[in-house]
Amino acid sequence: MLEHIYCSHLHCHIDTNNILGEANHGFRAKHSTETQLLVTSHDLLKHIDQGKQVDVLILDFSKAFDTVPLRRLLGKLEHYGVRDNLLRWCESFLVGRFQSVPVDGVKSADESVLSGVPQGTVLGPLVFLLYINNLPSRVNIDTRCRLFAHDFLLYRITDGLEDQVQLQSDLRELEQWAADWGMQFNPSKCHVLSANKRSHHHQYFYDLCGVVLK
């Protein structure tokens, strides 16, 4: 019950100060997979009808909720105005957790959880959104970023090589963001889609973390 109360006040603080960007549609009121789909489909179909090519990068973090560094997360919460007793309460909620694994009726010893937001909680998804909130700001203004929790799309009109080089540069920026904030991409689950009406499209081999995306 206390977690619900805390989360309600945090939502109010976030909405009042317009903290969360519009790119993320996960775990938010009046946002859903449907709103993300509508916005993205509108963009893609509009550009395709104009005869444009749009290169879409489908990206995925590796164990996103489990790898968030807790101290950096608390630093971001403080940056967004969660301070004093509210910050200390959130710290006590996140830090000092233990986990064990049962196998065939035998339970392992408890081990400290050194990173990650607890899944299955009310508060965990919301603080994760705050942690990745500044991610879209790292890409070019003409490159669109659409997120649902930790899964997201990156797309841009690519009428030629210059646009594709810029999109690759945006990927480099995301790699750097992940390195700066203790996250990792899973390039084996990342893909490229070229959307257009043309019989031939401008092909480009995008790479992420040293892996050419399929």
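In which loop is the place of valine 82? In this predicted model, valine 82 lies in the loop between α4 and α5, the latter covering residues 84–94.

Leaving aside neighbours within four places in sequence, valine 82 is in contact with Tyr6, Leu10, Leu77 and Leu87. Glutamine 184 stands 102 residues from valine 82 in sequence, and the C-alpha atoms of the two are 26 Å apart in space.

Asparagine 24 is also a loop residue, found between α1 and α2, where α2 spans residues 33–49. With a relative accessible area of 8%, asparagine 24 is buried. Not counting residues up to four places away in sequence, asparagine 24 touches His31, Leu129, Ile132, Leu147, Phe148 and Ala149.

**Helix packing around α6**

Two packed helices are described by the angle between their axes and the distance between the axes. Helix α6 consists of residues 123–131, and helix α1 of residues 2–16. The axes of α1 and α6 come within 10 Å and cross at roughly 25 degrees. Because angles under 35 degrees count as roughly parallel, α1 is roughly parallel to α6. Their crossing is left-handed. On the α1 side the contact is made by Glu3, Tyr6, Cys7, Leu10, His11 and Ile14, and on the α6 side by Leu123, Leu126, Val127 and Leu130. Sorted by kind, the residues of this contact are eight nonpolar, one polar and one charged. Tyr6 and Leu10 of this contact are also among the residues that valine 82 touches.

Helix α4, residues 70–79, packs against α6 as well, at an angle of about 80 degrees and with the axes 9 Å apart. An angle of 65 to 115 degrees counts as roughly perpendicular, so α4 and α6 are roughly perpendicular to each other. Here Arg72, Leu73, Lys76 and Leu77 of α4 meet Val127, Leu130 and Tyr131 of α6. The residues of this contact divide into five nonpolar, no polar and two charged. Val127 and Leu130 of α6 take part in the contact with α1 and in the contact with α4. Leu77 of α4 is in contact with valine 82 too.

**Strands and their pairing**

Strand β1 runs over residues 54–60 and is mostly covered, with six of its seven residues buried. β1 pairs with β7 and with β8, while β7 pairs with β6 as well. The table sets out these pairings.

| Strands | Sense | Bridges |
|---|---|---|
| β1 and β7 (residues 151–157) | antiparallel | seven bridges |
| β1 and β8 (residues 191–195) | antiparallel | five bridges |
| β6 (residues 144–148) and β7 | antiparallel | five bridges |

Valine 56 has its bridge partner in β8, namely leucine 193. In a regular strand the side chains alternate between the two faces of the sheet.

β6 and β7 form a hairpin with two residues between the strands. Phenylalanine 148 stands opposite aspartate 151 in β7. Alanine 149 in this hairpin takes a positive phi near 60 degrees.

Key. Residues numbered from 1 in each chain as written. Predicted model: local features only at pLDDT ≥ 70, side-chain atom pairs only at ≥ 80, totals over all residues. Heavy atoms only, no water. Axes fitted to C-alpha atoms, helices over the stretch in contact; angles between N-to-C directions. Helix = DSSP H or I, 4+ residues; strand = E, 2+ residues; numbered from the N terminus. Parallel < 35°, antiparallel > 145°, perpendicular 65-115°, else oblique. Left-handed = near helix turned anticlockwise from the far one by under 90°. Contact = heavy atoms within 4.5 Å. Nonpolar A, V, L, I, M, F, W, Y, C, P; charged D, E, K, R; others polar. Buried < 20%, exposed > 50% of the residue type's maximum accessible area, 1.4 Å probe, protein only. Pairing = 2+ DSSP bridges.
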